[in-house]
Amino acid sequence: MLDRPPAGRGRGKAAPARTPARAGTAKPKRPQRPSWFWRYRRLWFLLGLVALTGLAGAAWVITQVPLPPEVPQAQTTIIYDAAGAQIAVLHGNENRFPVKLDQVPKVTIDAVVSTEDRNFFTHKGIDPLGIARATWADIRNQGTRQGASTITQQYVKNAYVGGGGRGRTLARKLKEAVIAVKLENKFSKQQILERYLNAVYFGRGAYGIQAAAKAYFGMDVTQLGLRESVYLAGIIRSPSKADVATDPDLATRYRSVAVEAMVRTRAITRAQADEVLAVRLASYVISPSQSQTTVTSDVKGVDYFVEYVRHQLLQKYSLDQVLRGGLRVHTTLDPKLQNLAYDAVYTDTLNRTSDPAGALVSLDPEGRVVAMVGGKDWSKSQVNLAVGTEGGGRGRQGGSAFKPFLLAETVSEGYSVESSFRGPAKIVLPKALGGEDWEVNNYENASFGQINLIDATTFSVNTVYAQLVTTIGADKVVGMAHKLGIRSPLNAVPSVALGTQNVSVLEMAGAYSTFANEGVQVEPRVLKQVSLGDSVVLDDQPKRTRVLERSHADTVNFVLGQVVERGSGVAAQLPDGPAWGKTGTSEDYGDAWFVGFNKKLTTAVWMGYPQGQSQPMVSVHGVAKVNGGSLPAQIWKRFMSRAAPGDDGGYPIPRNFDGTPLGALLRFSEPTVSTTQPTSSSDSVPSSSTVPASPPSTQASQSKPSNDPPVVVSTSPPVQATDPPDPDVSIPDITRPTITRPTR
């Protein structure tokens with residue numbers, strides 16, 4: 001038999017014989033599939049290209065695109081005195097004024113950096129680690145909400161992006177980050193930190209560390225210590241809510257966050273931290289103030305001056321410029337003279353609770369207000385009694401201190417001050433008031449004989465000045481008063497010459513300074529220089545206007561010198577130099593004045609009760625009836641003897657008093673008069689005094705007690721002026737000797 005082929009074989013090639021597998025040999029591997037990355041390599045390439053393009057674009061933006069302009073920031077207006085010391089700040093809702101970084105204490109810098117951005121000095125504008133840390137803390141809800149923004153980004157938000165936007169949008173954050181990086185390339189860390197500390201909001205309208213120091217502690221930034229610094233660093237996160245006055249618990253918690261941050265960065269020790277945390281915030285954080293004005297000076301009575309300065313600024317600039325424009329206002333106030341003025345009025349004189357009020361204004365020869373006392377206590381009354389309606393008041397009657405304005409008009413019209421008048425105790429001028437009779441009385445019903453204008457002014461004789469004003473004309477008195485410096489509206493009625501209309505202390509000082517400047521009027525001013533940044537927007541240059549010829553001013557000044565030397569103003573005599581001035585007293589002792597000057601200063605002093613002339617000043621510091629020659633003259637002397645001591649010489653004495661006699665020109669040549677024997681008054685020269693001669697005058701015009709027989713007064717009832725007449729007058733009790741004319 002033939003052998004069969006092996007099973008499985010068929011036609012064709014014979015199947016190979018199977019070789020038994022060797023022990024330990026691995027099975028063959030299947031081919032590997034391409035990786036996931038490789039399979040999507042095109043997508044990754046596209047994404048990489050996009051990322052690279054984005055990074056390149058960001059780099060180009062950072063390096064090539066200029067920084068946008070900073071958002072304009074409101075700044076606080078600062079007011080300085082004449083010596084350059086800060087006395088107040090003015091601000092609106094935003095209280096801001098910048099300081100240099102070297103003015104900020106290191107402990108304050110450490111507190112802010114530790115709390116807000118511990119890596120500030122090492123990062124490049126953005127802090128990825130800080131972002132991760134804040135995100136993780138927020139996820140875990142640890143304590144207060146964590147801030148991921150760096151100090152640089154926070155500054156960018158305030159100065160470039162604007163802090164008023166709502167929401168933390170991605171676009172906003174990216175914009176902040178780009179500008180932050182660019183800012184880090186332009187400025188040093190110290191420059192960025194300085195800008196940040198001057199821009200960050202601390203609440204209470206305070207922008208910047210200096211404003212915050214004032215708002216919360218009433219101190220300068222240089223005085224901040226550890227406890228103040230951690231409080232301010234803590235409230236940056238939520239300034240409105242974390243104010244201790246709003247939420248003491250939240251404020252305390254935020255302070256603790258700042259303290260612990262300083263411990264972690266080793267800026268303070270645990271012992272220092274515990275010491276700060278043991279002190280209640282309310283014990284050293286002051287209450288918030290809603291005022292737009294913050295007085296920062298301890299100069300006495302300066303609040304009234306500051307408010308007047310604010311009022312003057314608002315006359316020149318808009319409210320926004322004044323409160324938010326960052327003006328630097330240099331004023332005329334002399335702090336030394338201001339303290340002397342306040343002491344003269346209130347510390348040394350009107351120092352009792354029941355006393356009347358007083359006001360004082362002093363001007364230098366250039367019209368600069370060097371002292372202004374507008375009241376005793378700003379916290380109790382904000383009415384500035386020195387500036388009339390501009391200070392919230394209504395002015396006060398000037399009394400006989402108005403008479404020199406009529407005298408100046410008389411002299412300027414060419415009439416002689418040696419013109420002779422009768423000076424009865426009472427006079428009725430028929431139909432002088434618009435067809436009605438006008439009755440005028442002297443102070444204390446004192447009567448004089450024949451008297452000239454020199455002596456009528458020296459002893460403040462109302463009945464003489466009543467005759468004079470009806471002859472010269474009330475309208476001309478008003479015109480001269482306005483030329484000299486009175487700005488209040490005046491009615492052209494005869495009683496205006498007797499000071500029956502309201503004026504301010506500042507106006508009276510300004511008008512008398514025209515006499516002191518020998519006829520040159522200079523407007524009183526409180527602003528010396530106003531600047532904005534590097535630009536000076538106001539540089540005071542006094543405008544000088546001659547309104548009275550020098551010879552006429554010398555004549556008026558000679559008469560005013562007689563008032564102080566031997567008349568109603570003897571209490572104002574200075575110990576080491578001459579003085580010139582005039583007393584004034586309104587009806588029923590409602591107002592009392594002394595306004596005077598020497599070659600250095602012109603000063604006006606007023607006394608009265610704030611409620612008005614209805615309350616007479618009687619029995620004040622032993623003075624039975626207060627008139628201009630009593631306490632006001634004493635206040636004036638106290639101030640001027642300290643503020644303007646020394647004898648700088650006087651004014652030229654006129655060679656003669658040429659001019660037309662007024663006797664023949666009197667409108668009422670035969671007025672109805674009533675006479676009484678002269679009586680002594682508190683304004684009088686004491687009878688024991690020796691009254692010096694008054695050069696140059698004439699024997700015929702000497703003042704003497706009247707021995708004239710009584711004259712029948714008009715039977716018709718006297719008609720009072722629109723305003724009551726001024727009763728201020730002072731007379732001697734002896735007959736003066738013959739007067740000789742001086743020679744040069």
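This is a predicted model: local features need pLDDT of at least 70, side-chain atom pairs count only at pLDDT 80 or more; totals for chains, interfaces and linings use all residues.
1. Overall make-up. The chain has 744 residues, of which 52% count as buried, and its secondary structure consists of 21 helices and 24 strands. Its accessible surface comes to about 34,700 Å², with 53% of that area belonging to carbon and sulfur atoms. When contacts between residues at least 6 apart in sequence are considered, 74% of them join residues at least 24 apart.

2. The cores. The largest nonpolar core holds 128 residues, and those with the most contacts inside it are Phe405, Met508, Phe515 and Phe639. Helix α19, which covers residues 505-516, supplies the largest share of this core, namely eight residues. A second, separate core has 60 residues, among them Val156, Leu183, Leu226 and Leu232. In soluble globular proteins, nonpolar side chains tend to be buried together.

3. Surroundings of Phe639. Apart from neighbours within four places in sequence, Phe639 is in contact with Leu337, Leu340, Ala341, Ala344, Leu360 and Ser362, and also with Ala371, Leu601 and Thr603.

4. Helix α15. This helix spans residues 403-412 and is mostly covered, with nine of its 10 residues buried. Phe405 is one of the buried residues, and Lys403, Glu409 and Thr410 are likewise included in that group. The elements against which the buried residues of α15 pack are the helices α16 (453-458), α17 (462-472), α18 (474-484), α19 and α20 (550-566), together with β19 (580-585).

5. Thr555 in α20. Thr555 is found in helix α20, and it counts as buried because its relative accessibility is 10%, where the limit for that class is under 20%. Not counting residues up to four places away in sequence, Thr555 touches Val411, Val417, Pro654 and Phe657; of these, Val411 is itself among the buried residues of α15.

6. Gly367 in a loop. Gly367 sits in the loop between β7 (357-363) and β8 (369-373), and with a relative accessible area of 2% it is buried. Although Gly367 and Ala509 are 142 residues apart along the chain, their C-alpha atoms are separated by 9.3 Å. Leaving aside neighbours within four places in sequence, the contacts of Gly367 are Val522, Glu523, Pro524 and Arg525.

7. Strand β2 and its partners. Strand β2 (residues 86-90) is largely enclosed by the rest of the structure, because four of its five residues are buried. On one side of the pairing list is β1 (residues 77-80), which pairs with β2 in the antiparallel sense over four bridges, and here Tyr80 has Gln86 as its bridge partner. These two strands form a hairpin with five residues between them, and Gly84 in the turn has a positive phi of about 90°. Strand β5 (residues 293-295) also runs antiparallel to β2, to which it is joined by three bridges; in that pairing, Thr294 is the bridge partner of Val89.

8. A nonpolar patch at the surface. Leu43, Phe45, Leu46, Leu47, Leu49 and Val50 make a nonpolar surface patch of about 590 Å². Phe45 lies in helix α2, which covers residues 41-64, and it counts as exposed because its relative accessibility is 62%, the class being set at over 50%.

Methods
Residues are numbered from 1 along each chain as its sequence is written. Side-chain values use heavy atoms; hydrogens and water are left out. A nonpolar core is a set of buried Ala, Val, Leu, Ile, Met, Phe, Trp, Tyr and Cys residues joined through side-chain atoms within 4.5 Å. Buried means under 20% relative accessible area, exposed over 50%, partly exposed in between (1.4 Å probe, protein chains only). Contact means heavy atoms within 4.5 Å. Patches are made of residues with over 30% relative accessible area and no salt bridge: like charges are joined within 9 Å, nonpolar side chains (Val, Leu, Ile, Met, Phe, Trp, Tyr) within 5 Å. Accessible areas come from the Shrake-Rupley method with a 1.4 Å probe; for residues, only the protein chains shown count as cover. A salt bridge is a side-chain nitrogen of Lys or Arg within 4 Å of a carboxyl oxygen of Asp or Glu. Two strands pair if DSSP finds at least two bridges between them.
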